[in-house]
Amino acid sequence: MASVAAADGAAAALRSVLSRAHQAAARVGRPPASVRVVAVSKTKPVALIRGVYDAGHRCFGENYVQELIDKAPQLPEDIEWHFIGNLQSNKAKALLAGVPNLDMVESVDDEKIANRLDRVVADMGRKPLKVLVQVNTSGEESKFGVDPSGCVALAKHVKLNCPNLVFSGLMTIGMLDYSSTPENFKTLANCRKEVCKELEIPEEQCELSMGMSADFEQAIEMGSTNVRVGSTIFGAREYPKKN
């Protein structure tokens, strides 16, 4: 019964997050449909994810390749999976083969992984894969992502040289220090202006994936179209204890 209660709690939390996201969008004159909430389910059991799915949600995110490969076959095929962790090129094939309903890779941070994904998609004959270019807006060495000065070149590479990928926008992790996140959000928004000008595409066609549990409302107010919310929906992450 505990698992049923947990699933009900996660479903209620999801409804609260969606309401807050829509209100944040309304505050800056945007429609609710302009924001996608990615329910980040890393370390969470399939039963809990299923509870949120049964509440009507379809967009989920995972950080680890093997965890997503293990979970995806146990859940409905109409889930739109987002891979949001660092992706090594030698794991691209396993990810795409193991998760046929992978909707987007949010963490393309160099040409090598873009080229690898492009080749794997072509070899598999699957539909083009949506990708976001990950930008390291905080300058922290511990964070993955291309430097803001290189985001235009990487976005251009994806759009012009990777025919099996769909350049869909930009993503950032931001900083752990909540007080510094507005600056990261501004940096990513500025990157979008530069990318859209260079690629000659309207800004509304270039997503911004920024904002997590602690700051997703502020991120939406500053232009985010894609927020990644985990612990606020599912509770604190449960990592295995180390011996």
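In this predicted model, in which local features need pLDDT of at least 70, side-chain atom pairs count only at pLDDT 80 or more, and totals for chains, interfaces and linings use all residues, the axes of helix H5 (residues 111-124) and helix H6 (residues 151-161) come within 10 Å and cross at roughly 20°. Axes here are lines fitted to C-alpha atoms, for helices over the stretch in contact, with angles running from 0 to 180 degrees between N-to-C directions, and helices (H or I, at least four residues) and strands (E, at least two) are DSSP runs numbered from the N terminus. H5 and H6 are therefore roughly parallel to each other, given that angles under 35 degrees count as roughly parallel, over 145 as roughly antiparallel, 65 to 115 as roughly perpendicular and the rest as oblique. Glu111, Ala114, Asn115 and Asp118 of H5 make the contact (heavy atoms within 4.5 Å) with Leu154, His157, Val158 and Asn161 of H6. By class, three nonpolar, three polar and two charged residues take part in the contact of H5 with H6.

H6 also packs against helix H7 (residues 181-199), where the axes come within 9 Å and cross at roughly 45°, which makes H6 oblique to H7. Here Cys151, Val152, Ala155, Lys156 and Lys159 in H6 meet Cys191, Glu194, Val195, Glu198 and Leu199 in H7, and by class this contact has six nonpolar, no polar and four charged residues.

Elsewhere, a search of the whole structure finds one aromatic pair, formed by Phe60 and Trp81, which is tilted, with 6.0 Å centre to centre and 50° between the planes; rings of Phe, Tyr and Trp (its six-membered ring) pair if their centres lie within 6.5 Å, and planes under 30 degrees apart count as stacked, over 60 as edge-to-face and the rest as tilted. The pair links distant parts of the chain, with Phe60 in strand S2 (residues 59-62) and Trp81 in strand S3 (residues 80-83), 21 residues apart. Both Phe60 and Trp81 are buried, where buried means under 20% relative accessible area, exposed over 50%, and partly exposed in between (1.4 Å probe, protein chains only).

In helix H2 (residues 46-54), the buried residues are Val46, Leu48, Ile49, Gly51, Val52 and Tyr53, and just after H2, Gly56 takes a positive phi of about 110°. Val4, in helix H1 (residues 2-27), counts as partly exposed because its relative accessibility is 43%. Residues are numbered from 1 along each chain as its sequence is written, and side-chain values use heavy atoms, with hydrogens and water left out.

How values were computed. Nonpolar A, V, L, I, M, F, W, Y, C, P; charged D, E, K, R; others polar.
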